[in-house]
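Me: I've got this one open on my screen and would like to go through it slowly. Can you walk me through it?

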Amino acid sequence: MSETVESAEAQGPGADKGEGGARRETIRRIVQGDLASLRVVIGLALIWAIFQFENDRFLSAENLTNLGLQITAVGLISVGIVYVLLLGEIDLSVGAVSGLAAAVMAVLNVKHGWNPYLAIAAAVLVGCAIGFLQGFLFSRFGVPSFVVTLAGLLAWQGALLQVLGSTGSLNITDPKITGLANTFYSDAVGWIFAVVAIAAYGAVLAIGYKRRRDAGLAAENPTSMIVRFVLVAAVVIAAILVFNSDRGLPLAILILVGFVVGMEYVVKMTRFGRHVFAVGGNAEAARRAGISVNGIRVVVFSIAGTMAAIGGIMAASRLLAVNQNSGGNELLLLAIAGPVIAGTSLFGGRGSVWTALLGALVIGSISNGMDLLALSSAVKFMVTGGVLLLAVLVDAVARQQRQTSGRV
Amino acid sequence: MASGAPLLELEKVSKRFGPVQALDRVDFAVHAGEVVGLVGDNGAGKSTMVKTIAGIHSADEGTIRFDGEEVKIKGPQDATELGIATVYQDLALCDNLDVVDNLFLGHEEVSPGLGRVSRQLDEAKMEHQTGELLSNLAVTIPSLRSEVGTLSGGQRQQVAVARSLLGEPKVVLLDEPTAALGVAQTQQVLQLIRRLRERNLGVVVISHNLADVFEVADRIFVLRLGRAGGEFDAQQTTEEHVVGAITGLGEDNGNSKQRDEGGEPAGEERGEEG
């Protein structure tokens, strides 16, 4: 609009108010739990402290590396779940899809002798196609996503049995596939990765800062930026230190972190991601703003199917086999519980992909720690269920507070 | 101010829904730099008229002229392209997104260079533009990055109006902009409407609240049972006259078209779209 006016924007009461308002806004976000990840990080530290106290092998490099490997599959599936949750929908089929995709890969590779990369690509395509189909059925015919994907859960489990055939189990021996979850890089590679990651994060912060400055906007407080940078750098360095004192940086962790960072970028910084949030917040408003609501829904469910397939492939690679239980058991529930525990709302429109990683860490730590303490599955299920319930309650309470305090 | 050729002109526009004559040969005009209050009882055809202008319904008969040229408005897209922006009563904001996000929803600015590939958002540019627009309109909001859900009703209304201005419209239709607002918030919104007039936009304000209409409108247009029920200069008339025209009981205002049609008031489809 008019560019002649307001060349000196930093003057007058409006600007002052804006800054104070921004600070109040940040405080409100922390209090009302939009920065729920902080809460979860504290919870995670508490969980780690308790298990370490009970069994001093818990925080050993070996066990932490194992923990990282254990959460890879569920974390990858959760990445797709986050997108679905942001729409305010649910996908109950991701567990079954992950098993089916792994079976497709194994059968093509082992029985039909396909090139491992082709087999992996085919498996990912299967996941994507299933997600597309379910998203289409949901958005085109208005069948609740809960029902469509519940039907899918059964159907794809059946398909898994069908694909595996009479043997019921297939061992994977192709080194290209087993290498996905069983490759560890040398110390030097680990450090190179750390330096690159930290430098990239610093560059992103600096570019963002400069852009806002150039646009004449109130840039973020440099101190808080430096704090964030130091925190991230410390986490990266600590992780590499831990991995290097065991077997080295696992490829599986790189894959997981890579997907989390990439998909977080997509959801937070691209047009598509913004539209996902808009549809999850108010589908009618999104439609009137010219967004193809159904298009967004179909793409999101395709992403969920794709990520489920990738998670299934990683799980198969770690297990060195695919069997009738692949993608079964509590995998589905854990994949949904993780992001919710870490602060992605079940009601749509709030959350981040980062919660997929954080949530998987929380759930993985509880499960891993209880294994170390040799607790029975009975106790494990009840504890995990309790943690999930607690997380959902916190989410619901935060939502109620927003609704009562929302309109000033 | 209401001089010269009208920006938007309706001539003998009619609209039927089955047996119901929602609009019956209505003539209506808005000029640049003019605020027209559109009033009428429930079911008088206000919403139908707005939706016809906004392209949600198409007129059965009659002609619509925009900037002096006859136009066909077949869909909301057509209206937007002509330069007609509509702010519906429900505002259509995403509560979980902040002010900047909502303003640019569906028309996000994309970063130049590499960012174009992934259609990366140019947040700095959008925030800058939002800041300029809102300060031009003297809209005060705690922070441009406040979630819209945390704003007051008046602030939300102002955000919705500001959003409609991003497409550089010439005519803005406001559906009940002051409904359910407190006194102070109503004043903020009315002030904003005056600023739209200063920007030389044609503004149509649909409202039940005659006090608000009198405060802000230059001209008051009354719809009654789908027909033009009278037109008043806001400076030179009284509420009683306008109420008379709305209810059809006023005898003396020169255009007493109050033939009481048998049958119920033309039923509008309220709530379906706006």
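**Walking through the two chains**

Reply: Let us begin with chain A, where 43% of the 408 residues count as buried; please keep in mind throughout that this is a predicted model.

Me: ok, and how many helices and strands are there in chain A?
Reply: Chain A has 16 helices and four strands.

Me: what does chain A span along its principal axes?
Reply: The C-alpha trace of chain A spans about 75 × 55 × 40 Å along those axes. A compact globule with 408 residues would have a radius of gyration near 22 Å, and because chain A has 22 Å, the two agree.

Me: what about contacts in chain A between residues at least 6 apart in sequence?
Reply: Among those contacts, 78% join residues that are at least 24 apart in the sequence.

Me: which domains is chain A divided into?
Reply: Domain 1 of chain A is made of 55–183 + 250–406, while domain 2 covers 187–247. The centres of these two domains of chain A, taken over C-alpha atoms, are separated by 27 Å. Five residues from domain 1 of chain A and five residues from domain 2 of chain A take part in the contact.

Me: which helix gives the most to the domain 1 side there?
Reply: That is helix α3 (residues 61–86) of chain A, which gives four residues to the side of domain 1 that touches domain 2. By class, the residues on this side of domain 1 of chain A are three nonpolar, one polar and one charged.

Me: switching to helix α7 of chain A, which residues are buried?
Reply: In helix α7 (residues 175–182) of chain A, the buried ones are A:Ile177, A:Leu180 and A:Ala181. They lie on the same side of α7(A), because they cover an arc of only 75° around the axis.

Me: and what do they pack against?
Reply: The buried residues of α7(A) pack against several helices of chain A, namely α3, α4 (94–111), α5 (116–141), α10 (251–269) and α13 (293–319).

Me: now chain B. where are its domains?
Reply: In chain B, domain 1 is 1–83 + 169–274 and domain 2 is 95–167. Their contact takes 12 residues from domain 1 of chain B and 12 residues from domain 2 of chain B. On the side of domain 1 of chain B that touches domain 2, the largest share comes from α7(B), with five residues, and that side as a whole has eight nonpolar, three polar and one charged residues.

Me: what about strand β6 in chain B, which residues are on each side?
Reply: Strand β6 (residues 84–87) of chain B has B:Ile84 and B:Thr86 on one side and B:Ala85 and B:Val87 on the other, and with all of them buried, both faces are covered.

Me: does β6(B) run parallel or antiparallel to β7(B)?
Reply: Strand β6(B) and strand β7 (residues 171–175) of chain B run parallel and are joined by four bridges. In one of these pairings, B:Ala85 has B:Val172 in β7(B) as its bridge partner.

Me: last one, how many residues of β10 in chain B are buried?
Reply: Five of the seven residues of strand β10 (residues 227–233) of chain B are buried, so this strand is largely enclosed by the rest of the structure. Strand β9 (residues 219–224) of chain B pairs with β10(B) in the antiparallel sense over six bridges, and B:Arg219 has B:Asp233 in β10(B) as its bridge partner. The two strands β9(B) and β10(B) form a hairpin with two residues between them, and B:Leu225 in the turn has a positive phi of about 50°.

Conventions: Residues are numbered from 1 along each chain as its sequence is written. Chains are lettered from A and ligands numbered from 1 in the order in which they are written. This is a predicted model: local features need pLDDT of at least 70, side-chain atom pairs count only at pLDDT 80 or more; totals for chains, interfaces and linings use all residues. Domain bounds come from an automatic or database domain assignment. Two residues are in contact if their C-beta atoms, placed from the backbone, lie within 7 Å. Ala, Val, Leu, Ile, Met, Phe, Trp, Tyr, Cys and Pro count as nonpolar, Asp, Glu, Lys and Arg as charged, and the others, Gly among them, as polar. A residue is buried if 20 or more other C-beta atoms lie within 10 Å of its own, exposed if 12 or fewer, and partly exposed in between; C-beta atoms are placed from the backbone. The arc is that of the directions from the helix axis to the C-beta atoms. Two strands pair if DSSP finds at least two bridges between them. The radius of gyration is taken over C-alpha atoms; the globule rule is 2.2 Å times the number of residues to the power 0.38.
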